[in-house]
Amino acid sequence: MSLSDLLPTIQALPRSDKLRLIQLLAADMAREERAVADLADKTVPIWSPHDAFEGAATLLRALEQDRGGS
Amino acid sequence: MPDAERFAYVEIDPSLGAASALPYVPLRLEYRQNVVSVSGLVDSGAALNVLPYDVGLQLGVVWQEQTRAVRLCGNLADSEARAIIVTGTVGQFAPVRLAFAWTRNNEVPVILGQVNFFMEFDICFFRSRFTFDIKPKESQGN
């Protein structure tokens, strides 16, 4: 559902509900931005062995040998 | 062909909420009648599967009996690793053989990488919905 689909419904809301909607959206956006800002202050280890192709080849050979032996 | 099973992202740090959400999947590992239940990080950027040292010990694997050395890189480059093969079960799917680089490191999570988790399962991520789907690979002949 797009914003243009929602707009007529939103515009038809009573004033109190519109204010509540603004507060909800503002709180939601603030929470997302706070999470990103908190992350920027942390040291996050990257464990992914993304270049370990030689090791990956070793595992493939081990699987082949295991298949042959079983 | 079995349907895909859907799993939810896990928030590692509640104070960070969605920013810390990662695709961890419950996994049952078996090695010579020893069974351990773990959560594995489904990591498409990892070249291979990685098993922390303690999990290997819980499975009853003996370091000295594993003779195939595996070279790792990045944060794990300084940790010695050996190749081991265990049986892994995801959800209701049939067990598969999974090859792991069993590392001396205990800080690392169980990593499920390209060799050979992604060779056994087809995986689709829906990060915006905090879910991911897993199903066994389709046979080449199908």
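User: Where is B:Val90 placed?
Analyst: B:Val90 lies in the loop between strand 7 and strand 8 (96–103) of chain B. Helices (H or I, at least four residues) and strands (E, at least two) are DSSP runs, numbered from the N terminus. The model is predicted: local features need pLDDT of at least 70, side-chain atom pairs count only at pLDDT 80 or more, and totals for chains, interfaces and linings use all residues. Residues are numbered from 1 along each chain as its sequence is written, chains are lettered from A and ligands numbered from 1 in the order in which they are written, and side-chain values use heavy atoms, with hydrogens and water left out.

User: Is B:Val90 buried or exposed?
Analyst: B:Val90 counts as buried because its relative accessibility is 1%; buried means under 20% relative accessible area, exposed over 50%, and partly exposed in between (1.4 Å probe, protein chains only).

User: And what is B:Val90 in contact with, leaving aside its neighbours within four places in sequence?
Analyst: Its partners are B:Phe7, B:Val25, B:Pro26, B:Leu27, B:Phe117, B:Phe121 and B:Ile134, where contact means heavy atoms within 4.5 Å.

User: Changing topic, how many residues does the contact take from chain A and from chain B?
Analyst: Chain A gives 24 residues and chain B gives 33 residues. The two chains bury about 2,300 Å² between them, 68% of it on carbon and sulfur atoms. Buried area is the accessible area (1.4 Å probe) that two parts lose on being put together, summed over both.

User: Which residues in chain A lose the most area to chain B?
Analyst: They are A:Trp47, A:Pro49 and A:Leu59, together 32% of what that side buries.

User: How many salt bridges does the rule find across the interface of chain A and chain B?
Analyst: The rule finds two, a salt bridge being a side-chain nitrogen of Lys or Arg within 4 Å of a carboxyl oxygen of Asp or Glu. A:Asp66 forms a salt bridge with B:Arg97, with the closest N and O atoms 2.5 Å apart. Over all chains, the whole structure has nine salt bridges.

User: What about A:Arg67, which residue does it form a salt bridge with?
Analyst: A:Arg67 forms one with A:Glu64, the closest N and O atoms being 3.0 Å apart. These two residues are separated by about one helical turn, because they are three residues apart in helix 3 (residues 53–69) of chain A. A:Arg67 is partly exposed at 48% relative accessibility, whereas A:Glu64 is exposed, with a relative accessible area of 52%.
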